[in-house]
Amino acid sequence: MIIDTHVHENKYSFDSFLDFKESIELAKFMGIDGLCITNHDNNTLRNDIGDSAKINGILVIVGAEVLTYEGDILVFGLKDIPKDMVSAEELLTLVKKHNGAAVAAHPFRNNNRGMGENMRKVSHLLTGIESFNGSTYSYHNLQSYALATELNIPSLGASDAHKLEKLGVYATKFHDSIRDHKDFIEALKTGNFHPVMRKDGKYKDIDYFYEDHIIQPKKVSSIK
């Protein structure tokens, strides 16, 4: 199954221009099987569709992107999102207590919202690392991938789409069958998945194709 595990819609995410229904229609056209709606610091969409729902053939899973003192974390299975900012360790401990799953979002993005090296301190509590984020520079994604590999934490791919044209540029391929949010959380815990990227209208393994997206430094002609 191909799932874009980090998407924002415009009803409950203040900075998103992405219409929920349009995102489902586009996902179906693109061959995406599921979307995780992870709005900023809330999972209010649960009031509309529950923890997960099959809509027009697309599995929609409701999570949240929560900003901690150390950076953003995607959480799944946590019904009550903390109203006040907490530390990464506090949030991750809470997720674990509720048998949920947590993924470090865009760890090295240059907006002071990624966990970066702070992941080392809480690596035992992280379920995964979003190594490939569609709204992050490629070299920052590769930093995340390198640290995820070093820490032996599974990598995910996601679009972090706030606009329709960004949807599904990266995603995650799960090898297990996922029917709902419970299956999704269990699949995250097994680590039986890997990031993929969309290239030429198809999803391909990043291990073999991510080099195409690396920004190469411009050649500077020598001055004689």
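**Entry 1: a histidine in a loop**

I start with a cut-off: a residue is buried if its relative accessible area is under 20%. I am working on a predicted model. I looked up His162 first. His162 sits in the loop that links strand 9 (155-158) and strand 10. Is His162 buried or exposed? Its relative accessibility is 17%, so His162 counts as buried.

Next I checked what surrounds His162. I set aside neighbours within four places in sequence. His162 then has contacts with His8, Asp15, Ser16, Phe17, Leu18 and His40. The His162 side chain comes to 3.0 Å from the backbone oxygen of Asp160.

**Entry 2: the sheet**

I traced the strands next. Strands of a sheet pair through backbone hydrogen bonds, in a parallel or an antiparallel way.

**Entry 3: two strand pairs**

I took strand 10 (residues 170-174) and strand 11 (residues 193-199) as one example. They pair in the antiparallel sense, over five bridges. Within this pair, Ala171 faces Val196 of strand 11.

My other example was strand 3 with strand 4. These run antiparallel and are joined by four bridges. Ile55 has Ile58 in strand 4 as its bridge partner. The hairpin of strand 3 and strand 4 has two residues between the strands. In that hairpin, Asn56 has a positive phi near 50°.

**Entry 4: aromatic rings**

I turned to the rings. The count is six aromatic pairs. How are the rings of Tyr137 and Tyr139 arranged? Their centres are 5.5 Å apart and their planes are at 10°, so this pair is stacked. Planes under 30 degrees apart count as stacked. I checked the exposure of both residues. Tyr137 is partly exposed, at a relative accessible area of 43%. Tyr139 is partly exposed too, at 42%. Elsewhere in my list, Phe76, Phe174, Phe184 and Phe193 form one aromatic cluster.

**Entry 5: the cores**

Last, I looked for nonpolar cores. In soluble globular proteins, nonpolar side chains tend to be buried together. The largest nonpolar core in this model has 23 residues. Which residues have the most contacts inside it? They are Ile73, Val75, Leu91, Leu92, Met115, Met119 and Leu126. Strand 5 (64-68), strand 6 (71-76), helix 3 (88-97), strand 7 (101-104) and helix 4 (138-151) each give two or more residues to this core. Helix 3 gives the most, with four residues.

Beyond its neighbours within four places in sequence, Val75 is in contact with Gly63, Ala64, Val66, Ile81, Leu91, Val95 and Ala101. Another core lies apart from the largest one. This other core has 21 residues, among them Ile24, Ile37, Ala53 and Val60.

Definitions and conventions. Residues numbered from 1 in each chain as written. Predicted model: local features only at pLDDT ≥ 70, side-chain atom pairs only at ≥ 80, totals over all residues. Heavy atoms only, no water. Pairing = 2+ DSSP bridges. Buried < 20%, exposed > 50% of the residue type's maximum accessible area, 1.4 Å probe, protein only. Polar contact = N/O pair within 3.5 Å; in protein donor to acceptor, adjacent residues only side chain to side chain. Contact = heavy atoms within 4.5 Å. Phe/Tyr/Trp six-rings, centres within 6.5 Å; stacked < 30°, edge-to-face > 60°. Core = buried A, V, L, I, M, F, W, Y, C linked by side-chain atoms within 4.5 Å.
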